[in-house]
Amino acid sequence: MLIVGEPAGIFIPELPRSRLGETRLRGLRLLHTHLNGEVLSQEDLMDMVSLRLDSVCALTVGQYGEPQQLHVAHVVPMNAQASGESKPYDVLPPVRFDLSGVDFSALVQALEDEFARSERGVHEDKGRERAILVSVSSAPRVVQERSLDELAELARTAGLATPARLIQRVNKADARCILGKGKLQELEVLCLQAGAQIVIFDQDLAPSQLRNLAETTERRVLDRTQLILDIFASRATSRAGKLQVEMALLKYTLPRLVGKTPAMSRLMGGIGGRGPGETKLEIDRRRVRERITKVKNELEDVRRHRSGTRERRSKAGCPVIALVGYTNAGKSTLLNTLTGSEVLAENKLFATLDPTSRRIRFPREREVILTDTVGFIRRLPPDLKEAFRATLEELESADVLVHVADISHPEVEEQIAAVEGILAEMDLANTPRLLALNKWELLSEEQQEVMGRLYPAGIPVTALKRPGLTPLVAAILGLLPVEPLNGPPRDPNAPHEESGGDVSYWDVEMGSDVVQ
């Protein structure tokens, strides 16, 4: 291609995409002239990076237009940067134009081979798509790092590998692409070096930012909310859970529906501006709104059904104990250990989405309902919080809340504060509550002493071991409402409406149980 520009610069048209791939360069070299004898500019180098060119070369010319010096640069693999080179490119020493001995074909082949080896070198990523994690915020870098650690766990739960991350601290994010031009080019290099197909932002992106980033990076772009919704969609099993996730997805998708062809242009009004009728974009939006209305009505039916179940449970005089806490704190494991159940419990975020209730009979023939609820997380998407209202209403009828916290987590204080904040938003601050400090055995003696002083009311537990749960069970019994003395005695063999499963019997003194 021959491009004629001006002394200040040249305009590069849209380039072909036939050779694009995670480990491939574009297959084009840019050779241009510098009329004033200057070296390769930063703009030259960033254009090479963002366009994924094989190389960029600048040829300086003399007073009468004769060629003089040749300046050459090319991108470098990730391992070259790790060995001490902080820039994503390498600039070769300038040479006289007729003495250049660079074999460009061999250079490009060697670079692509190195990119491919870097991709194959991460054996644990085999079979998984790769994603670059990005944080753009005014918060300190250490805070952004911790938030990206949680985002990495979310990505792992979604089945993604996260070989690299990018952090930018700004006072105000860019309105168009959230990242500045320089960081966008750095992001492109990271994606090329890591063989990443997806870019995940820790911040929520506006619809226009999502579109602009997808066009700039030529990769899939997700934000934190979309990643959480994807996890929920893959893990919802019950009808209620699927409806709740669908509602959140529809509300998230509606403002992001855009038209990209004249057939999907907006319908104009007024004389001379009338369109051919309802356009495809408007039809899509109307269908989404209709589906939102239908799902909302179905969720109301679910809420009424659960409300009736709670009323029957209340009339039967069976207290309800709800397990709440940050996601992956050990709530499902605690439920399984207390009741002898086999509820799914994995070392992943949001392993359990649907509320699960089990009956357990404590001493003195005291039977209770133990309910496991969906885990909380910081910055829970508002649409998701609203959609899961039917699930979280289970907490409103609970007699006791057991706040399960992973005391071994480095951010346990922030997680406990986040859960307490969500409970306060739900007007549950006055419900009797216990704090169970799970995974206590993972702390050293010094850490146990510090945490004991920090949370004096907390009850140390090990969710995997039944004998260690005796203090927690005793504390739960102490908070349960007193049964009426004049009421009819409970028949231990009477049927219950909660589930057709077994009843677990717990002996507080012995810490043992018998499942009948």
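The structure is a predicted model, in which local features require pLDDT of at least 70 and side-chain atom pairs count only at pLDDT 80 or more, while totals for chains, interfaces and linings use all residues. Residues are numbered from 1 along each chain as its sequence is written, and side-chain values use heavy atoms, with hydrogens and water left out.

The chain contains 15 helices and 17 strands, assigned as DSSP runs numbered from the N terminus (helices H or I, at least four residues; strands E, at least two). Of its 516 residues, 46% are buried (under 20% relative accessible area, 1.4 Å probe, protein chains only). Among contacts (heavy atoms within 4.5 Å) with a separation of 6 or more, 68% are between residues 24 or more positions apart.

Helix H1 spans residues 42–51, and its buried residues are Asp44, Leu45, Met46, Met48 and Val49. The cover over these residues includes strands S1 (29–34), S2 (55–61), S3 (67–75) and S4 (89–91), together with helix H5 (181–194). Arg52 follows H1 and has a positive phi, near 60°.

Asp202 lies in the loop between strand S8 (198–201) and helix H6 (207–217). Asp202 is buried, at a relative accessible area of 1%. Excluding residues up to four places away in sequence, Asp202 touches Val134, Ser135, Ser147, Leu148, Leu151, Arg224 and Arg379.

Key:
Buried means under 20% relative accessible area, exposed over 50%, partly exposed in between (1.4 Å probe, protein chains only).
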